[in-house]
Amino acid sequence: VEGIKAVGDSVKEESGKDFMLDEKYGYVHSCPSNLGTGMRASVHIDLPGWTEHGVDKLRARCEELALQPRGTRGESGGQTGCTYDISNKHRLGYSEVQLVQTMIDGVNKLYEEDLELQKKIYEFPTFLSVNSLVAKYVTKELWDKLCRHVTSTSGFTLRKAVICAIELDNQSNGVYAGDWDSYKDFAEVFDPLIQEYHGIKPGAKHTSDMDVSKLAGNVNPAAPVHSTRIRVGRSIDGFGLSPGITHVHSTRIRVGRSIDGFGLSPGITREQRLKVESLFKSACKKFPGKLAGSYYPLLGMEESVRQQLVDDHFLFMSGDANLRISGMEREWPEGRGIFHNDDKTFLVWVNEEDQFRIISMEKGGDVKGVFTRLVEGIKAVGDSVKEESGKDFMLDEKYGYVHSCPSNLGTGMRASVHIDLPGWTEHGPASWNPWRIGRTNWMHL
């Protein structure tokens, strides 16, 4: 108040002019959202309880209290950790004193509620996915032992790791890792779960082998192979079919990779995610030969580009319940994007479920050719990122390449085709390539 008066008096003395004050709209500003008082009264406050409870729920509660939660760097700065900028939402229709009082009362209320929510963070949860491996292996004794631990790379907790098993009723595993530390710090949870899921023994160690020459044969050219498709609602259909054609061949192989020193998607901080994207933007400019292409960030994507990626079946989208609840869609779509080469046979998804999803595909059943391109692509991404950052991909001695979902540990590879199997359809469904860990890449193929 004293400062405003001092500025106003001094300006009036120098110019003879007052501040713009409209009878209807109050103090005049360039942006209509600031008309009235033009005031934002805010504090920076740690709310760990609300952070665990859910940022969306915090936003809804602030709406009820006529407050606005933001990141500590303003409207475009994003939220990191558990620190928020809490301010009054309104400018017009209220006095300055009323707005400051609203902020004071609201912040005090949020703090009281946060203390109660913090107590719940450490309570042994009820798992809606009662048949999940999380429900089997996360006992109250183990929970009490590990629930207060926070990982060093991304500040991940056991509750964050198992939140999908808590909030969803359809999980088989029900757990994600927020960083490489998660697999080590919460090993008493992850190890038995991983061993049961992948069918490996406690002392097993993963072996990676990318030697294409070890592949024997190829997909039978006469097999009625159709286009390939990714699951969980984020489509990458490969190549479409014309009606009535049954012998169109298409093959797709993908792997996941993540850079050491950065969090995995469920736990990665905003700064880390943007750094990963920045590293890739520079790295992909160095891809050689037929791997060369263009990167398309999701943030600010032009409609024509978006539509082309949709038409090509390359675009991944938000909305999957697992990704949302586990924290993988925070600050969406910032820091995410898609790269493809000029031939549209080599793709990289950036900061989806993993830092990188590296994909090789083409029409036809030339699995060796697709795998060869994949091997070259992985090397190009790895070498370029290493040149930019000095860091390698996360490669665990026991579990192979590190991924956010334990089901992808090991190779992180899914090699797939779409094929008509009318005989098996009558006989019963077949299981295809259920393993990632304990087998080398060429064994998958």
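Arg-270 and Glu-334 form a salt bridge in this predicted model, with their closest N and O atoms 2.8 Å apart; a salt bridge is counted where a side-chain nitrogen of Lys or Arg lies within 4 Å of a carboxyl oxygen of Asp or Glu. Arg-270 belongs to helix 11 and Glu-334 to the loop between helix 13 (321-325) and strand 9, so the pair ties together parts that are 64 residues apart in sequence. Helices (H or I, at least four residues) and strands (E, at least two) are DSSP runs, numbered from the N terminus. Both Arg-270 and Glu-334 are buried, where buried means under 20% relative accessible area, exposed over 50%, and partly exposed in between (1.4 Å probe, protein chains only). Because the model is predicted, local features need pLDDT of at least 70 and side-chain atom pairs count only at pLDDT 80 or more, while totals for chains, interfaces and linings use all residues. Residues are numbered from 1 along each chain as its sequence is written, and side-chain values use heavy atoms, with hydrogens and water left out.

The structure holds 25 salt bridges. One of them joins Asp-312 to Lys-344, with the closest N and O atoms 2.6 Å apart. Asp-312 lies in the loop between helix 12 (303-311) and helix 13, and Lys-344 in the loop between strand 9 and strand 10, 32 residues apart. Asp-312 is buried at 14% relative accessibility, whereas Lys-344 is partly exposed at 24%. Another salt bridge connects the side chains of Asp-18 and Lys-12 (3.1 Å, N to O). Here Asp-18 is exposed at 58% relative accessibility, and Lys-12 is partly exposed at 36%.

Salt bridges also link Arg-61, Glu-64 and Glu-113 in a network. In helix 3 (residues 55-64), the buried residues are Leu-58, Arg-61 and Cys-62. Viewed down the axis of helix 3, these residues fall within an arc of 100°, so they line one face of the helix; the arc is that of the directions from the helix axis to the C-beta atoms. Asp-56 and Glu-64, on the other side of helix 3, are exposed. The cover over the buried residues of helix 3 includes helix 2 (48-53), strand 4 (67-70), strand 5 (83-88) and helix 4 (96-121), contact being heavy atoms within 4.5 Å. Just after helix 3, Ala-66 has a positive phi of about 60°.

An open sheet is formed by six strands in the order 8-9-10-11-7-14, with antiparallel pairing; two strands pair if DSSP finds at least two bridges between them. Strand 8 (293-297) and strand 14 (414-416) are the edge strands, each pairing on one side only. Strand 8 is joined to strand 9 (residues 337-341) by five bridges, and Pro-297 stands opposite Gly-337 in strand 9. Helix 11 (residues 270-284) lies across strand 8, strand 9, strand 10 (346-350) and strand 11 (356-363), running at about 160° to strand 8. Axes are lines fitted to C-alpha atoms, for helices over the stretch in contact, and angles run from 0 to 180 degrees between N-to-C directions.

Phe-280, Phe-287, Tyr-295, Phe-339, Phe-346, Phe-356 and Phe-393 form one aromatic cluster. Rings of Phe, Tyr and Trp (its six-membered ring) pair if their centres lie within 6.5 Å; planes under 30 degrees apart count as stacked, over 60 as edge-to-face and the rest as tilted. The count comes to 13 aromatic pairs. Among them, Phe-124 and Phe-127 are edge-to-face, at 6.0 Å centre to centre and 85° between the planes. Phe-124 is partly exposed at 34% relative accessibility, and Phe-127 is buried at 9%.
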